[in-house]
Amino acid sequence: MADNNIKEMLDAGVHFGHLTRKWNPSMAPYIFMERNGIHIIDLYKTEAKLEQACEAMAKIAASGRKIMYVATKKQAKDIIANNANDVNMPYITERWPGGMLTNFVTIRKAIKKMQSIDKMKEDGTFLTLSKKERLQVDRQREKLERQLGSIADMTRLPAALFIVDINKEHIAVAEAKNLGIPTFAIVDTNSNPHAVDFAIPGNDDATRSIDVLVRRVTEAIKGGLAERKADKEKASKDKLKKAANKKETAEVAEEGTSEA
């Protein structure tokens, strides 16, 4: 299985790092060799780190908590949005709103503003506004949707962040660290793997590479969600069985009393 995963990563170019002159020395343990002025990442180490990250994220998902996907670079946006939607997780693909985590109360107010505009449209209040006011409200709603629509259902801070390109998303990394929120990330050879809790060494620029790694993470999260669902169903069945047994015991006791 591991060999198949490594072949898939090899085909997707996960092993291609940055130019050697742009490297971060902290990535040295994950670099296999240098070829034509480019660092080559050791995919066996990528696989090991990816497995660790997937196992940890599956546990978070199984506990019912949310993992926020973060990637604002062009080649990762659609991949992140599609995968996050697939497992019903919040995500950020536009500019990271400053204070997204550290000032979450303000972010929630903005989300509520967006929801109040939707309510105005539903109850007809929107139509009582002038044409100019409706235009302003629509523009405000569009802006909020673009920035925060993907986290509209998030009522509390996420339990973890999964990030593509920690250099570009350094504010998200800093905010999560400030709050003690675990961070998982695809980390290229120009980044510091110590900046996050779970670094997955890999090419964070190529679409195919990002897709392969993000899909693996999403599959792990799906596994955690399936485990949670199975546990809840089992608990529900056990509860019904217990109630049935209790009822049966009560009926037997009642029959015994009436016979006496």
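**Close-up views of aromatic pairs, cores and strands**

Phe198 has 27% relative accessibility and counts as partly exposed, a class lying between buried (under 20% relative accessible area) and exposed (over 50%), computed with a 1.4 Å probe on protein chains only. The model is predicted: local features require pLDDT of at least 70 and side-chain atom pairs pLDDT 80 or more, while totals for chains, interfaces and linings use all residues. Residues are numbered from 1 along each chain as its sequence is written, and side-chain values use heavy atoms, without hydrogens or water.

View A. Rings of Phe, Tyr and Trp (its six-membered ring) pair if their centres lie within 6.5 Å; planes under 30 degrees apart are stacked, over 60 edge-to-face, and the rest tilted. Tyr69 belongs to strand E4 (residues 67–70) and Phe162 to strand E6 (residues 160–164), so the contact ties together parts 93 residues apart in sequence. Helices (H or I, at least four residues) and strands (E, at least two) are DSSP runs numbered from the N terminus. Tyr69 is buried, at 0% relative accessibility, and Phe162 is buried with a relative accessible area of 0%.

**View B. Stacked rings of Phe184 and Phe198**. The ring centres are 4.4 Å apart, with 10 degrees between the planes. Phe184 is in strand E7 (residues 183–187) and Phe198 in strand E8 (residues 198–201), so this pair ties together parts 14 residues apart in sequence. Phe184 is buried, at 1% relative accessibility.

**View C. Strand E6 with its partners E4 and E7**. Five of the five residues of E6 are buried. Ala160, Phe162 and Val164 point one way from E6, and Leu161 and Ile163 point the other way. Strands pair if DSSP finds at least two bridges between them. E4 and E6 run parallel and are joined by four bridges; Val70 has Ile163 of E6 as its bridge partner. E6 and E7 also run parallel, through four bridges, and Val164 is partnered by Ile186 of E7. E6, helix H6 (residues 170–179) and E7 make a right-handed β-α-β unit: with the strands pointing away from the viewer, the path from the first strand over the helix to the second runs clockwise.

**View D. The largest nonpolar core**. A nonpolar core is a set of buried Ala, Val, Leu, Ile, Met, Phe, Trp, Tyr and Cys residues joined through side-chain atoms within 4.5 Å. The largest has 37 residues, and those with the most contacts inside it are Tyr69, Phe162, Val214, Val217 and Ile221. Elements giving two or more residues to this core include E4, E6, E7 and helix H7 (207–259). H2 gives the most, with eight residues. Another core lies apart from it and has 29 residues, among them Met68, Trp96, Ile151 and Ile181.

**View E. Open antiparallel sheet E1-E3-E2**. Three strands form this sheet, and its edge strands, E1 (16–19) and E2 (31–35), each pair on one side only. Two bridges join E1 to E3 (residues 38–41); the bridge partner of Leu19 in E3 is Ile38.

**View F. Lys121 over the ring of Phe126**. The charged end of Lys121 sits 4.9 Å from the ring centre of Phe126. The criterion is NZ of Lys or CZ of Arg within 6 Å of the ring centre and within 35 degrees of the ring normal.
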